[in-house]
Every structure is written in structure tokens, then in C-alpha cells.
Amino acid sequence: MVGFSDSTLNLVLLILLGSGLMMVYSARVINALNWWTIQTVFVSLLLIAEGIHNDATEIIIFGILLLIAKAGIIPILLRRVLKTSRTVWVGEIFLKRAMSLVVAGGLTLLSYVITEPMLALHPSYRNGLAIAIALIFCGLLLMMTRKISMVQVLGVLLIDNGIFLAGFFLTQGMPLLVELGAAFDILVGVVIVGILSKQMLETYDSLNVDHMRSLKG
Amino acid sequence: MFIGVAVIAAVGMLFSAKDTYLRLLNSVALVLLTLSGGWTIRETLSHGSYAYGSGLLYWDALSALLLSVIIIIAVYVIIFSFGYMEEEVSEKKFPRSRLKWYYFWIWIFMATMLLVVSTPNLGIIWVGIEGTTLATTLLVGFYRSKKAIEAAWKYVILCVVGISFALLGTMLLFASAAPLLGQTLDALDWRMLPEVAGQLDSTFLRLGVLFAIVGYGAKVGFAPMHAWLPDAHSQAPSPVSALLSAVLLNCALYAILRWYSLANLTSLGPDFVGTILISFGVLSLGLMVGFILLQNDIKRLLAYSSVEHMGILAIGFGLGTREAVWGASLHLLLHGLTKANLFVIIGRLVQKTGTREISKIRGIFKIWPYTGLIMVLGLLGITGTPPFGTFRSEVFIFSGLFKTGHPLIGFLSIAFLTIIFAGFLYHFLQMLYGEPSEDVQQQPRESVGTLALAIPLLVVLCLGLFIPESLNEVLNQVVNVILGGV
Amino acid sequence: MDEIFNILTRLLMSLGHLAIILVAAPLLQGFIKKSKAYWQMRQGPPILQPYRDLRKLMNKEELVSEHASWIFLLTPRVVLASTLMAGLVIPSVWGWAPLSVWGDIFLLGASLGLARLFLALSGLEGAGTFGGMGSSRELFIGLLTEPALILGLVVLAFITGTTSLQEINIGLQSISPLFIPKILVLITLVMVCIAEMGRIPLDNPDTHLELTMIHEGMLLEYSGPSLALLNFAEQVKQLLLLVLLAHLIWPSDLISLSEGPFGMLWALGFVGVKVVALGFFFATVESLFVKRRLFRAPHYLATGTACAVLALISLWIIGGQI
Amino acid sequence: MVNKESQSVRQLLMSISVALAAVGLVWGTFLISQGGEWIKTGWRFSTDAGAGLSLTWKMDGLTVFFLFILLLGQGLSSLYAVGYLKEYEEKKKSLVSFYVPWFLFLGSMVGVLLADDGFTFLLTWEMMSLFSFFLVLYEHDEPQNRKSAYIYLVMTHVATIFLFAATLFLQAKTGSFAFQEWANVVPSLSTIELNLIFVALFIGLGTKAGFVPFHIWLPYAHSAAPSPVSALMSGVMVKVALYLMIRLVWLTLGPGPVWWGWLFLIVGAFSAVVGILAASTQSDLKKLLAFSTIENVGILTMALGSAFLARSWNSSWAMDLAFIAFFWHTLQHMLFKTLLFMGAGNIIQATHTRNLERLGGLLRRMPKTGFAALLGIVGITALPPLGGFWGELMLFQSLWENTIHLSDGWSKVFLPLAIGILALVGGLSIATFVKWFGISFLGQARSPAAASAKESDPVQTMVPLVVGGLAALTVLWPAMTLALINLPLSVIRTGDVIGISSSAVGKPLLMSSVYLGVILLLTTVIVLLTKRATRKVTATWNCGAALTPSMQYTAGGITNPIRVLFAKVLGSRPKVKGDFAGTQYSLRSLTYTGSVKEVTEDIFIRPLIRGLLWSSAQVRKLQSGSIHLYLAYLLVTLVAVLILGS
């Protein structure tokens, strides 16, 4: 299916995994955002390559749209929020950066273990699937161990990338309508989160989620 | 077409924030919605199913049930909104200019929900459910207070993450179905899938089902993934709380039901999803006991009660016997009506007393006897006390537990319900009687017209005394849809 | 014709029974007082003194407390009537009980209970301290006496296989006097009778000391005819209990009119002797013991109840049924 | 003062209530006099296959008997309420919240009696609890009453769990809610299942009936309700629970193991003793009556127990006796308890207090109420000549017959002990009601309120007297009462219907009229003989000192010996504190504080509630407000489901 060799594919996968891990390791929000952008670019490229390989125009178009929306609009939006909030650090909670990287590594191993039954498929698919799941785990980890709301959003986006990747390797993409809908949802989601972050900034004067603990019981 | 109505209405709302304009537009939209929806429901029920737009939109009895719940409650809640939001504006809770955004998001929210129940495609259902989350996020945070934003944030993050799992699940399903049905929408179409259900790849399918149940389950609010729910319900404007509780949760449950009836046909066997649902149900019931007993926030109380009722529904549907599913379908309708009514009446109360703390609300019967009366009705309805219809549906659901050989769980669940009843009764008695505080005593009294708000509860009451044959027929159709070939 | 004759006989004998009770009750009281005097080495009042006392009281003016209501005046009448009702289920000197039906052993205790209820109520009538004290104690002792009495009688019923006192009386004839359950039951009943008669060690009929009196406390406000009636009722009750005990200890056969006047008189005399003997026995007992304080009463009556239970157990063990 | 309109509404509505009862009674009498097989086999109306979609009803002799009790109670209480409710009108309290639940409560009780399937039963049963709850809540201005009502509803609801479980279990077994189907399937159940169902029904119904230790709610609810309601609840509602005991256990589950009978007997004895002990130490006018209800329910339960044992041992004679005792006592207790609650209602309205320590001397101010109440206490203490005694006589005899009938075994020792316990209970109840009547009606007034009490409305004094008259009538004309009892007996007995009024079984009952006649005759004769005595009214002798009201025996004092003797059972912890004013000998003042409490409440209920609240507090900690934690829950759930699911 994918129009390039296994080694190229593996390289791309490595980049994806690496960027995911770097997001976990980032100390500054802006770095994490950048890593995510890189990752998204590669994911989109993967899709476009697939489209070119299969001569499927709609997939190519979709890939380009994705590239513009996810790697273009979303980072810009988030950057603006970051700028206005003057947030720099990711704000660790529960786990420090290094420790979370170790955990993330462990989770990656775990995802390889989980996907072992998939070896029956093409090995690099298995590889891809494992990395997709690892990205999902990293996203969750990021959300659970960082205080800044923007990092949580990045976690969601990372999960989204992971799922997208999983879908890519599992099914070579969902029906277009569904994909479009999903992508649209993500985009709208980020816009809404952006609005919400702005409001958060107005009322709390920071993007620190940990301040928001008044609703309990 | 009603989706279109909703979207157009939503956009229309943005043009003016004038009270009369909004009322007029809303009313027109509601009438159109009711007409087109009613027509669709009628067509669906008389033919068993109804397709539109070359199968892109499709309804059967189950969708029709959900559709009618959405429309009935939407009409009730939105009409209530007029006065309620006006009052909020005049109390300077937010500027009038933002009123239009309120209706905009409400109608977007409506549109997404209508989409969920109008599509035969599991993928599009996912898109719709995700859409409902996004549409309501800003509604939850509408007051822009610290707490409201906190609630909105928790809501959006938890739900989006949860629903991502459902997307993964959907993909896994697609992966197992695509080889059989092709890489098209068909592979996620619940009309097509049953035909090939037996041949689906079980590894993918199993994972997919698990992810989907957990994912949508987070949105339904199964314990322990319910954490967002009380926050969101308590901070949103009361009409929105009503919609969230009475409709949105049902829509998410609807998604689970579609998966459930599909999974029953596959190699996983009919008990696979059922067992998970029952476990979630019992856990939800059990945990909510604690939250409800020691609650001091009236809207959170109702929110937790919603979790509890979702648990009951999960048990009912999960059991998979005809009676239990019949009861659960009825319960879905009745819980929606009851909860919407309660949120509306409690919303009014909170607005008038200016507090959500149960310990500060006293002597309602002395000042607002009609509100008090409706609250009593609501209390009885929501706790499944006879002669309310919820009693009937709960009996049917729990009898299923005994029938399938889980008498112990059945006993426990009834015990949980009873303790929950005790908690509810305690809180409501506190609020209804006693001496009202002084500033509340200066509030204006109310007129008999308030009683009109109790219409949904009266319906619930009537359904407790007898079930019309037509409704029974519909419910039987719903049962057939859910149980499929089982 | 026979039936009418039977009923007539029964009616006549019932009236005779009542008449004997009414006439003999003060006599027994006089005799017991005399016996006690004997043990106390005194002369004592004449045996007929109780009659004189009653006549004197009947002719006196009656004082009624300003706080009392009509129950105060009703009580003496009801108490006497219900004591007589108890008399109707107890076999007469001829062995017949006027109101004999199965289950009448329970009627005995209940009739006495009715008397107790009214007495206790009128103790509260005067609004004074002593009446209340008397009522309170009387009720306390009464509730402890009741189980012992009923259980004792029930065991007798088990021994004889019937719950009618008249039939029990007949049935006991065939039981050996040394039958252990019977002996134990008799111990119970003797103890109960002492309690019911208000005698030492539970109550002292001769005292008017505020802190110790029970029965007298309730009567404190009474005077004149009402007091006479109450005293008389107490004497009747005493006689009835002794007649009952006499029948149980030395059961006698049914005597009907056909036995002729001589036979009937003989039976009357025979029972009279038994009752006199018992009266002397109780006088002796009363002279030998001292009154106990109120909170020892439970022990005393529990002993009685325990005897009844032991009787029950021994009855079944001897019968080989457990 | 009283609004004309509301007055006519009150009279109209309560007249309707009375009229409904009267029509029901007349119609029922007519139906019964027609005779027919339906009394035995039941007369069904509106039947379906027991699917639970529609409600089904059945009427047979058993139902008719209890309907009779219900309608009689309804008629009397409604009539009484005509007068009683006037006070609320004067206080300008809306009566709407009384009328609505009143009628619904009555209706749902009729529904429970007529229910022929599990679903209808549960529905009407819950409604009965619910509407009686609203009636208890009627005087909600006092927080204490709200608490009472709350305890009541929650406890009945907890009990309903068991009923629910039993119903659903049987429904699961048979696929139907119909009682008839259940009875058919019972033989195929295993012993454990049968026993579990029995225990569930026992607890569920027993709570409503007020078995110790499930009785906690009863004294609260019965004392908080307005008096006509108390009368109905005590006289009728607890009986409805016992009716179901017969309907569901005796008739549906059929003969069970012997220990069922023992359970009834022991729990009954326990209830009777604990109930009357608690009653004897109460100083609340209505609570005392409520505890006495527990006692009487205990006695009724003992009768049921005796019947069950008799069935296990095939002693039909004892069984008949036990059931006659049961039904007779049911009727009598309804009459007397209604009467007493009406008396209490009159006192409360006249003095505005329920505290016995503040009453006294009311008989002179409220002679009619007092006379009726006197009849009531003679009846309720099971003393002849009134009806209370004759039922107990039957029970004694039944226990005795059971013992005689048995060939061997230790049961022959334990059964007679039950007789002893009943005797003890009888003695205690005399003490209790002497206190109730004596302290409130006799002696001197202990408070200004009692001193200025006025006799109640004519209706309110007339109705208790009517009740007293009816009670006397049951004894004067026992054949009629027996004919009534024959109705349920013909359903319960599987064998032939026997005309008990003519057979030897009812002989002592027929004797009751003779006894009543003779004692009345004797009393009259004595009264006539002593009529000519001269009387003078004087002060009470008090050793020469002036008599003050506080010198009287108090309510607490009169039953103090009982409290001392049974201190453990009553949880009594008296404290005497002396103030010696610094010296060793001269006592300045002495304070006595004594209280009794519900030991069962301490043992069973409180730890349960405490545990529940504690665990709730723990559960609530889950929702700590941290979104990170919530995400962790999500993850944990996902992982758990994935692991368990695959």
C-alpha cells in the first residue's frame, strides 16, 4: 500500500515516536507544540504518499487539507493563546520530565507487547500500530502529568494523531465522510478550546489547570 | 431536514439579540422541528423504518424513540429557556448581547444530536457525538465564572479523550468489516453489518467493541468515568443541564446501543457487551449512593442521579432479555422527561433563591407551594416510586436481573436504589419544609401557572398507571431493533 | 324435661356457690387473724369480728376526695363483681363451677386482673402520693404474678388434659398426691396465692406504714361502704384462692343434687375443713417470715415461675416425651 | 373564626369518606349474605396473564374480612376527622395536603387488599407507604414530625427491597406476577430458595407490621401523624401487612419447614414483650399507644406462629383456634386502638401536649372522652368482659392444643413458655394502660393547660363511644363476629368449611356474652345495694400537709419498678445527682434524670447508618476536583476493561 520501502517507513515511524517522546520530555510548551507540528506534518505526508501511490485524488486532497488544517491552523491558534498567556513552562505534576520520559518509554514497550498478535500482519504495520498506540499512551500521560491547559490540549492532539496513525495502518483510512467529519471536529475542538483558554486566562490569569479544583464531591 | 432546520435556526439566532426576535425565531424553529420530526417518526413507526437521502439518513424504531425524546424535551426546555434566560439577563448574569450565542449553541447542539439519531453509520454517529461535546462546551461555560470555566474544561477534556477511544474502536470495527463490505461507508453501516456479523475478525472486533464501549461510556457518564458530569451539569445554565442530562446522555447511550446490538450478532456472543454494561451499571449505581447521600449542591445531586439512571439503563439494556430491554427503553423515555422537568424546576428555584446549596434552601412550601408540589412529584418520579412510570420500568429492568440468575446483584441494586431514595428524600424534605430565609421571603409569590411546568411529570405519572397499547407497540419494536436476531 | 331440671340444678347450685362464698369469706378472714394471733401469743379479735367491721363501715358516711371522679366510686363495685366472676369459674364445694367452659383457667387470672386494673386506677384518684405508690407497686407485683399463676394452671391442665378448672379438679383425682409435677405446681400456686392475697413476704395486710404498704395504699382514700366493699372483695378473693388450692391439693368428686341434702352438706363440710387447714397454714407461713422489700419480689415470683417450668419439664420427662 | 367554605369542604369530603365506607360495608354484607363459591375460591376482576402490564384484582373471604376492618376503620376515622380537622382550619392551615393523601391512602390500602399479582401488590403497597407518609408529614411545622416521617418512609422502603426481591425472584421462576402461578411453582423450588423467599417476605412485611427489631419507625410515625391517621395506621395498616403474611406466605408459599412457625412465634413473643416494655416506660401519650401496637402485632404474630406450627404438626384443632384468635384479635385491636387514638387526639386538642407529665384530672373535664377511653383500656389490656380477652384466650388454648397434640420433643416445653410470656405481657399492659389512663384522666391537673381543658367537639366524643359500643357488640353477639371470622377461615382452611359459630371451637367465645351479662348484672346489683350511702367531698388526706399537684405519682414514677427490673432491655440509665452545697450532710437539691432508649435501634440501625455515611464520605473523595485524577480513572477503566474483556 504505502508507496515507499520498509526502511523509509520505519524512519518515518521513528520520527513520529521520537516527536511524541520529545513532547513528553519538553520543558517548554512551545517546544512540545513544535514537536507536535512536526509529527502532524509527517502524518499528513504519510497520507499524501499513500494517495499518490494509489492514485486516489480524494485522499491526496484530504491529506493536503489535513496538512493545512492541523499543521497550519491549529499551531497558529495555539501559539496565539500561548503568547497572550505568556506561558512558558509545562508545569509538571506527579512526574518530573525525566521520569515521565522513562514512563513513556515503558509505555512504548508495553504497546509493542500488546500488539504482538498483530505480527501476523505485515511487520511494519505492526510496528506502525505499536507506535500509534504508544502515541496514544504518551498523550494520556502528557495530559495526566502536566498542569498547563495547553499541554493537555496537546495531549489530546497527540492521542488524535495516534488514533489517526492506527487507522492508517489498520484500514488505510476510514470512509472519507467520516474522516472529514473527524478532522472537522478536531479543528472546531481546538477553536473552542482556544476560546475557553482565553476565558480561563481572563478569570484565572493563568493556564494552570491545577488551580481548578473547586468542584468536588 | 430537521437537522437543516436546526442549523439554519442556529445561524439565524446570531442576527439579533432582541428578545422578541429570538422568541419568534425559536418558536418557528420549534414548530418546524416538531412537524418534520413528528412526520419522520410517524413514517418510521408505520413502516418499521424510513430512509431519506439515498440512505444517508435512516431511522428505525430505536432512532424514532430517541428522536421523539429529543424533540419533546427540546420543545419543553427551550420554551422554558425564554423566561429563564430573560431573568438571567435582567439579573446581570451576562450581557444581553450574548443571549444570541446561547441560542446559537443550543441549536447547534440540537443539530448534532439529531445527526446522531438520524444516521445509520457508526462513523457518523461518532462525528455527531464528538460534535455534541464541542457544541455544549461553551454552553457549560456560559456564565464564564471560575467554576463554569473549570467545569467546561473538565468536560471537554475528559469527553474528548473518552470519545477518542470510541474513534479507535470505530476504526477497529472498520478494519474488520472493510474486507467484507469494502472500504466504503457500508462497512460502518448498521444496516449492512448484521449480515456479515458472523464473519467479522474477532481480534479487531473485540478490541474495537471494548474501546467503543469505554469511549462512549465516558460520555454517557458510567462510573468511574462520570467525573465530568456533575461539574458540567451543575455549572451550566439550568435549561442546558436539562438538555445534557435528559437528552445528551441518552444520545451517547444510543451509540452504545447500536454497538451493543451489533456485537450481539457477532462471534463475541450476546453476553459479551451485556456483561460489561451490567458491570458499569451496578458500579454506577453503587458509587452514586455515596455521592447522593452526602450532597449539598442541588444540581450536582440531580447530576449524580443522572449517572445512577444511566447505570439502571445500562443494566436493563445489558441484560438483553425482552422484558428488561422493554423496561429500559421505557425508562430511557421516562428518565428523560423526569430529569428535564426536575432540572427546569430546580433551575427556577436556584434562580429565585440565588443558591444551589441544599442547606440554605428551606421552606419552599411556605413561599412557592406549586414549585414545592412539582418538586415532590419530581422526587417521586426520579426515585421510581409508584405510581410513577419509572417504578414500572425499574421493576421490569430488575426483574431481568432475577430472571438471568443474578438475584444477588438484583437485590444489591434495589438496595442501592433505596438508599438513594433515602438520600433524595432527606435533601428534598430539608428544602421543602422549615422556615425560609428572610431574603427569600421577600421574593414574589408564584401563580398557578407554574403547574404547567409539571406536564412531563404528569405524563410519567400516567405511564405508571397504564401503558397505552400504541406505546407498548413502539417499545416492542424498539426491543426488536435492539435485540436484533437474538 | 331433664334438661330443664339440669339447668335448674346448675342455676341453684351456682347461687348456692355464690351464697357460700359471700357468707364464708369474712369468716375465713376472722379465722386467719385468730390463727396469727395464736402464733403471736395473743388473744386476737373474735372470729366474727370481720362481719362486725363490715357492718360498721357500711353504715358510715363516706368521704370522697375532691379530686376523685366517678371511677373512684365505681371501683369497689367492679372489684367485688369481678372477684365474684373469678369465683364463678372456681369449682364450688360440690365440684361444679358455674361458668365452666374449656379455657376457663385463663378466665380466673383475667377476672382478677380486671379487679386489679380498677384498684390501681382508683389509687391514682386521690391525687395523693400514697395511692400512686400503692398502684405502682400493685401493678408491678401483678405483672410478675400473672405468668406464674397462668403457667402453674397450664401445667395442671397438661397433667389432666383439659383447660377447665372443673375438669382439672376431676382429673386430679386419679393423680397420685406424690406426683412430682403436681407437687411443684402446688408450690407455685401457693406462692402465687400468697402474692395475690397480699400477704407476707410481699405485702403486709396489717400495716399502714407508708413506705411498705401496697394494697392498703390504694385503699387509703376509701371510707365507709366503699371501703367495706373493697375489704369484702379482698376477703372473697382470699376464700376463692384457698378453695381452689384445697380442690387442687385434695381433689373431690362432683356432687350433684341427687346425692341428697346430707351428701351436699357433707361435701360442704369437707371443703370447709380443707380450707380451714389451709388458712391455718398460711397464717403460720405469715408468722414465720418477714416482709421483703419490693425489689426482692421478682426473685420470689421468679422462683414460683421456675417451679412451674420445672413442673412442666418433669411432667414430660416422667411421661417419657422428652 | 372558621371559614365557612373550608368548613363545608371538610364536612363534604369526610362525609364522602364515611359514605364510601358505609356503602362498601352494606354492599359487602349484601354480597356475603348472598353467599357463593367466590368467598372460597376468589372472585377475579380484570385479569391478564400476570405480565405486569395491567393491574389485576381478586376478592375472596380473606380479603373481605380485611376489607371489613378497613372500611370500618375508614368510616370511624373519617367521621372522627370531621371534628378533629376543625382545629387545623382554625389555625388557618391548608387541609388540601391532608385530603388528597387521605383518600389516596385509603384507596391504596384497598388496592393492596385486592391485589392479585406481584406487580399490583408492589405498586399499591408502595403507594400505601407513600401516602401515609404524606399524612404523617401533615403537621410538618415541627422538625420532629418531619424526622419521624422521614424515618418512616425510609424504613418501609428498605423493607420493600426485600419484597421486591421476593416478588422478582418468584416472577423470574414463573414468568408471571400472578399469585396463583407462584403457588403452582412453589413445590418445584429448592428448600433454600423457599426459605430465602420466606425470609425476604418476613422481613419486608414484618417491617410494615412492626416486628421487633424492624419496628423503629412505628412509634415515630404513629405519634407524629394526626390522630385519625394514627388510628388508621395502627388499626388498619399494620394489619394489611399481616394480611399479606397470610396471603403470600400461608396461601402462596404453602406449608414450609417447622421453623417458619417458630420464627413467627419467637419474633411475635419478642415484639410483644419489647413493645409493651417500651410502652410502659413512655410518657408520650401517642408513642405509648404506638408501642402498644407493636405489642399487639406481636400477639397477632404469635397467633400466626401457632397456626403455622399447627399446620406443620397437622393439628387442625389448634390451627382453627389460632386463626380465630388471629382474626378476632385483629378486629378487637382495630376497634380499641382506634378508640384510644381518638381519645389521645381529643386530649391533645384540648391540652396541646402529648406529654403525660403535663396532664391529669381530665376525666372531670372531659367525661365522655374519659368514659370511652376507659372502655378502650379495658379492651386493649385483654381483660374480660370486653373482646380483647377472648382472643387471647383462643391463643392460649391454641398453644395449649399444639403442645398436647405433639407426641414428644422439647417443643412441648417451649410452647407453654409462650403462654407464660403472653401472661407477662398481659400484666405489663395493665400497668401500661393504668398509667396512660390514670395519669392523664385521674388525679389533679399537672399543668395549666390540663387544668383548663375543655371537652371536645360532640362528633369527637361520639365516635369513640360508638367504637366502644361496637366493641361491646362483638362480645354481646359473638355469633355475628364468628360468622365474619368464618369468611377468611373458609379460604385459609383447605378442608371443608366448618360453621365455627356452632361448633365447639367457638364455645368460649359464645360464653363471652354470658360473662358480660353476668358481670354487668353483679355490678348493678352491688351498686343498687350500696346506693343509699351518704357521701361528703373532702380534701385528700396528705398527713396534714397541703396537697400540691406535684405530689402525685408521675408517669415516669408509676412504672419505675418495671424500668428498674428491665433496665437492660430498656437501655435505662438513671442518674441521681445530689447537690450537697459543699457540706456532707445537708442535701440542697436532688436531680434525677432517667431515660429509656431503643436498644434495638442502637444495635441494628445506628451502626448501619454510621457505616453507610462513612463509606459515602470515602466514596465522595473520589471526586477530588483534580482533572488529572479523573483522567487516571479513565485510563484505569480502559485498562481494566481491556484486560477483563480480552
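Gly384(B), which follows helix H15 of chain B, has a positive phi, near 70°. Helices here are DSSP runs of H or I with at least four residues, numbered from the N terminus. The model is predicted, so local features need pLDDT of at least 70 and side-chain atom pairs pLDDT 80 or more, while totals for chains, interfaces and linings use all residues. Residues are numbered from 1 along each chain as its sequence is written, and chains are lettered from A in the order in which they are written.

H15(B) itself covers residues 369–382 and reaches 20 Å from its first C-alpha to its last, close to the 20 Å expected at 1.5 Å a residue, the expected span being 1.5 Å times one less than the number of residues. Of its 14 residues, 12 are buried, that is, with 20 or more other C-beta atoms, placed from the backbone, within 10 Å of their own. Among the helices of chain B against which they pack are H16 and H17.

Both of these helices also face chain D. There, 46 residues of chain B are in contact with 43 residues of chain D, contact requiring C-beta atoms, placed from the backbone, within 7 Å. H16 and H17 are among the helices that each supply at least two residues to that side of chain B, and H17(B) gives the most, with 12.

Turning to chain D, the axes of H13(D) and H14(D), lines fitted to C-alpha atoms over the stretch in contact, come within 9 Å and cross at roughly 175°. The two helices are therefore roughly antiparallel, a term for angles over 145 degrees.

Note on methods:
Two residues are in contact if their C-beta atoms, placed from the backbone, lie within 7 Å. Axes are lines fitted to C-alpha atoms, for helices over the stretch in contact, and angles run from 0 to 180 degrees between N-to-C directions. Angles under 35 degrees count as roughly parallel, over 145 as roughly antiparallel, 65 to 115 as roughly perpendicular and the rest as oblique.
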